[in-house]
Amino acid sequence: MIDALLASLRAELTAHADAPRAVAMAAYMKTDQPFYGVIAPTRRAIGKAAARRFRPTDRAGYEAAVAAVWALPEREAQYLAIQLALAWQPTPASIPLFRRLIVEGAWWDTVDELAVHVMGGLLAREPAAVWPWLDAWIDDPDLWLRRTALLAQNRQKAATDADRLFAWCRKRADEKDFFIRKAIGWALRTYAATAPEAVAAFLVAERPRLSGLSFREASKHLSL
């Protein structure tokens, strides 16, 4: 099944490849990794068809298929691996695989999809199984795991664990890395749509510690 899946994806991506667009996409993503140059709606349609046609029958097959697609050299393959991982219903049992993809992806385009949609979706469904992973990742040496922990609640709305969110933003407030500072601001701005007063109070109290980037991102829709 995996060989057929890979052959099908390669054939579809090749059929829709656009060399000039591929160069532009690689430049935009600041990577030497090759692209096919397939536009997002077409790529999603390819992934949707593959998800229906090649659905795994068990968890081992699920992880093997996602990992095999991820291992293809072109960047669109990583996007498709994440799409398939979501379409085939991830479970907490596969978090070690998702951790590997986050660390290997090591860039915002793949990491943020894994953080917000894969890990965030799991968090919404099975929080008791997911929190121990995120509790560890917020202190992990890998910045992309730390970013994932910060962003995993971005779709939780009223179910957001505000104590964790605020504590983790404080914990990472002194970091210099752009992607962590941006994640703090994004996570707080997202939660502000649900709890503006709580986020505003946090920003006022923590303004001396927060970077300018984090504060600006977080307060974008608040009157501060």
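**Exercise 1.** Determine the handedness of the crossing of α9 and α10, and classify the angle between these two helices.

*Solution.* Step 1. The crossing of α9 and α10 in this predicted model is left-handed. Step 2. The two helices pack at an angle of about 150°, and their axes are 10 Å apart. Step 3. Angles over 145 degrees count as roughly antiparallel. α9 and α10 are therefore roughly antiparallel to each other. Step 4. On the side of α9, the contact is made by Arg 146, Ala 149 and Leu 150; on the side of α10, it is made by Leu 165, Trp 168, Cys 169 and Arg 172. Step 5. Sorted by class, this contact has 5 nonpolar, no polar and 2 charged residues.

**Exercise 2.** Describe how helix α3 packs against α5, and state which residues make the contact.

*Solution.* Step 1. Helix α3 covers residues 40-53, and its axis comes within 9 Å of that of α5. Step 2. The two axes cross at roughly 45°, which makes α3 oblique to α5. Step 3. This crossing of α3 and α5 is right-handed. Step 4. From α3, the residues in the contact are Arg 43, Arg 44, Gly 47, Lys 48, Ala 50 and Ala 51. From α5, they are Glu 76, Tyr 79, Leu 80, Gln 83, Leu 84 and Ala 87. Step 5. By class, the contact of α3 with α5 has 6 nonpolar, 2 polar and 4 charged residues.

**Exercise 3.** Examine helix α4: compare its length with the expected value, describe its packing against α6, and identify its buried residues.

*Solution.* Step 1. α4 has 12 residues and spans 16 Å from its first C-alpha to its last, close to the 16 Å expected at 1.5 Å a residue. Step 2. α4 (residues 59-70) and α6 (residues 95-105) pack at an angle of about 10°, with axes 11 Å apart. Because angles under 35 degrees count as roughly parallel, α4 is roughly parallel to α6. Step 3. In the contact, α4 contributes Tyr 62, Glu 63, Val 66, Ala 67 and Trp 70, while α6 contributes Leu 97, Phe 98, Arg 100, Leu 101, Glu 104 and Gly 105. By class, there are 7 nonpolar, 1 polar and 3 charged residues in the contact of α4 with α6. Step 4. The spacing of such residues can be considered with a general rule. An α-helix has 3.6 residues a turn, so residues three or four places apart point the same way. Step 5. The buried residues of α4 are Tyr 62, Ala 65, Val 66, Ala 67, Ala 68, Val 69 and Trp 70. What covers them includes α1 (2-15), α5 (75-87), α6 and α7 (108-125).

**Exercise 4.** Decide whether Arg 75 is buried or exposed, and do likewise for Glu 175.

*Solution.* Step 1. Buried means under 20% relative accessible area. Step 2. Arg 75 lies in helix α5. Its relative accessibility is 6%, so Arg 75 counts as buried. Step 3. Leaving aside neighbours within four places in sequence, Arg 75 is in contact with Gln 33, Pro 34, Phe 35, Gly 105, Trp 107, Asp 109 and Thr 110. Step 4. Glu 175 is found in the loop between α10 (162-172) and α11 (178-192). At 14% relative accessibility, Glu 175 also counts as buried. Step 5. With neighbours within four places again set aside, the contacts of Glu 175 are Arg 146, Ile 180 and Arg 181.

**Exercise 5.** Locate Val 199 and find which residues it contacts beyond its neighbours in sequence.

*Solution.* Step 1. Val 199 lies in helix α12 (residues 196-206). Step 2. Val 199 has 0% relative accessibility and so counts as buried. Step 3. Beyond four places in sequence, Val 199 is in contact with Phe 166, Leu 188, Tyr 191, Ala 192 and Leu 222. Step 4. Val 199 and Leu 222 are 23 residues apart in sequence, and their C-alpha atoms are 8.9 Å apart. Step 5. Ala 162, found in helix α10, is 37 residues from Val 199 along the chain, with 9.2 Å between the C-alpha atoms. At 17% relative accessibility, Ala 162 counts as buried.

How values were computed: Residues numbered from 1 in each chain as written. Predicted model: local features only at pLDDT ≥ 70, side-chain atom pairs only at ≥ 80, totals over all residues. Heavy atoms only, no water. Axes fitted to C-alpha atoms, helices over the stretch in contact; angles between N-to-C directions. Helix = DSSP H or I, 4+ residues; strand = E, 2+ residues; numbered from the N terminus. Parallel < 35°, antiparallel > 145°, perpendicular 65-115°, else oblique. Contact = heavy atoms within 4.5 Å. Nonpolar A, V, L, I, M, F, W, Y, C, P; charged D, E, K, R; others polar. Expected span 1.5 Å × (residues − 1). Buried < 20%, exposed > 50% of the residue type's maximum accessible area, 1.4 Å probe, protein only. Left-handed = near helix turned anticlockwise from the far one by under 90°.
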